Amino acid sequence: MSRNGRPAHAAERLSALLRERYGAKAVLLTDSGTAALTAALIATLKDRREPAAAVALPAYGCYDLATAADGADARVLLYDLDPHRLALDEAQIDATLRQGVAAIVVAHFYGCPVDLSLVNRLAATTGTIVIEDAAQALGATVRDRAAGSQSSLAVLSFGRGKGLTGGSGGALLAHDKAGERILNIARELLGEAQRGWVELLAATAQFVLERPNLYALPAALPFLHLGETIYRVPRPLRRPTRASCSVVAGTWLLAERETEVRQRNGERLLRELRAQPGFETIVPPGHTRPGYLRLPVLASPIVRRAVAEPAARRLGVMAGYPRVLCDLERFGERCLNRDAAFPGARLLVARLCTLPTHGRLASRDFERLSRWIRKVGGP
């Protein structure tokens, strides 16, 4: 209920849940996580009054990072990652911040949390805004705090495959005065929401097609783009639909219970993977707990080739992002350091794969995954 006793609008309910869960001082709901990040980058450049300033992005990551920078018409400095921890390369972060970027985006990949305390300290000395990309971080924690609550701004996504979903939607969270100032600028950038039936169809498709016995079906329905990594051109920035907000708010508790299942399933698969020399598991810092949206692992070249085979796809095993961001057509022209080596990011492109962790995995699915892990990863 709202304060005046009338039923709260879906967007109000969702905003209240986000403020409570993440301790946010302000919340801006958008029609996608990409829109939230785009708006944050545009607003940061406006606030800094340096439209020519660059923003820093990880060299490896979801292509929507590139879409957001394109939508903001921002120049980009890429920084490399530590591939064995899916975490920040500290020397790279320090060098990047010293070049005077307006904002730095730090992402949690596949639910593996990154501790932002170092980048926050370094950014404070350069006046850089830290934007925490928590689109894949549902359920992940750092020092018992939710990933998405560590810096001035955080971005969430409620798109398909994000754990907490409404078929689409996203949010920008502000955690301090600087973040609130930028969020208020971003608020003025959003247009009206479109009709919400597409979101409901997307949420339904995800619910149906994430069943393990249907993993092969999306390949026969290419228009869904399920499991694919594609570059999306920037779209107008919009508010979320009521349908999306209603679904996210209404399934909140279910999503939190699903996170607990993903964590248990991830830990179960890790025991199998650690026993096979063809896999190198990613070890998060001791004061963090992953949400395991999917389970990332580094594979040997032989195993990585096996990941591309239909048998792996039928089990829900997938390769990671297939290109370093600077190799994307057209986007590379935005990158001020596109000719850098980025060895960590290129190792991730070559070796990273992910396994499913969701709650629809039955005992027989774990048995099939275990047999595949032993077959391709053994001596």
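Contact, in this talk, means heavy atoms within 4.5 Å. Keep that in mind, and let's begin with a pair of helices. The model here is a predicted one.

Take helix α2, residues 33-48, and helix α3, residues 64-71. Who meets whom? From α2 we have T34, L37, T38, L41 and I42. From α3 we have D64, L65, T67, A68, A69 and G71. Those two groups touch each other. The helix axes lie 8 Å apart, and the angle between them is about 40°.

Now a second pair. Helix α4 covers residues 90-97, and helix α5 covers residues 117-126. Their axes are 10 Å apart, at an angle of about 15°. So α4 and α5 are roughly parallel to each other. On the α4 side, the contact uses E90, I93, D94 and L97. On the α5 side, it uses L118, V119, L122, A123 and T126. The crossing of α4 and α5 is right-handed.

Let's step back to the whole chain. How many helices and strands does the chain have? There are 13 helices and 16 strands. The chain has 379 residues, and 55% of them count as buried. The accessible surface comes to about 16900 Å². Carbon and sulfur atoms hold 52% of that surface.

What about contacts along the sequence?

Now some single residues. Start with Q263, in helix α9, residues 252-274. Is Q263 buried or exposed? The cut-off for buried is under 20% relative accessible area. Q263 has 5%, so Q263 is buried. Leave aside the neighbours within four places in sequence. Then Q263 is in contact with G139, R289, P290, G291 and Y292.

Y292 is on that list, so let's follow it, since Y292 is itself buried at 6% relative accessibility. Y292 sits in the loop between β13, residues 288-289, and β14, residues 295-299. Now check the backbone. Most residues other than glycine have a negative phi. Y292 has a phi near 50°, a positive value in a residue other than glycine.

F342 is another case of this. Its phi is near 50°, again positive in a residue other than glycine. Where is F342 found? F342 is in the loop between β15, residues 318-319, and α12, residues 343-351. With a relative accessible area of 4%, F342 is buried.

Y321 also has its place in the loop between β15 and α12. Y321 counts as buried, at 9% relative accessibility. Now find I230. Y321 and I230 are 91 residues apart in sequence. In space, the distance is 9.4 Å, C-alpha to C-alpha.

A312 lies in helix α11, residues 310-314. How buried is A312? Its relative accessible area is 0%, so A312 is buried. L355 is 43 residues from A312 in sequence. In space, A312 and L355 are 9.5 Å apart, C-alpha to C-alpha. What does A312 touch? Not counting residues up to four places away in sequence, A312 touches A306, V307, V317 and W372.

One more residue, T241. T241 lies in the loop between α7, residues 197-209, and α8, residues 242-250. T241 is buried, with a relative accessible area of 5%. Which backbone atom lies 3.0 Å from a polar atom of the T241 side chain? The backbone nitrogen of S244 does.

Quick recap. α4 and α5 are roughly parallel to each other. Thanks, everyone.

Note on methods
Residues are numbered from 1 along each chain as its sequence is written. This is a predicted model: local features need pLDDT of at least 70, side-chain atom pairs count only at pLDDT 80 or more; totals for chains, interfaces and linings use all residues. Side-chain values use heavy atoms; hydrogens and water are left out. Helices (H or I, at least four residues) and strands (E, at least two) are DSSP runs, numbered from the N terminus. Buried means under 20% relative accessible area, exposed over 50%, partly exposed in between (1.4 Å probe, protein chains only). Accessible areas come from the Shrake-Rupley method with a 1.4 Å probe; for residues, only the protein chains shown count as cover. Axes are lines fitted to C-alpha atoms, for helices over the stretch in contact, and angles run from 0 to 180 degrees between N-to-C directions. Angles under 35 degrees count as roughly parallel, over 145 as roughly antiparallel, 65 to 115 as roughly perpendicular and the rest as oblique. A crossing is left-handed if the near helix is turned anticlockwise from the far one by less than a right angle, and right-handed if clockwise. A polar contact is a pair of N or O atoms within 3.5 Å; within protein, one must be able to donate a hydrogen and the other to accept it, and residues adjacent in sequence count only if both atoms are side-chain atoms.
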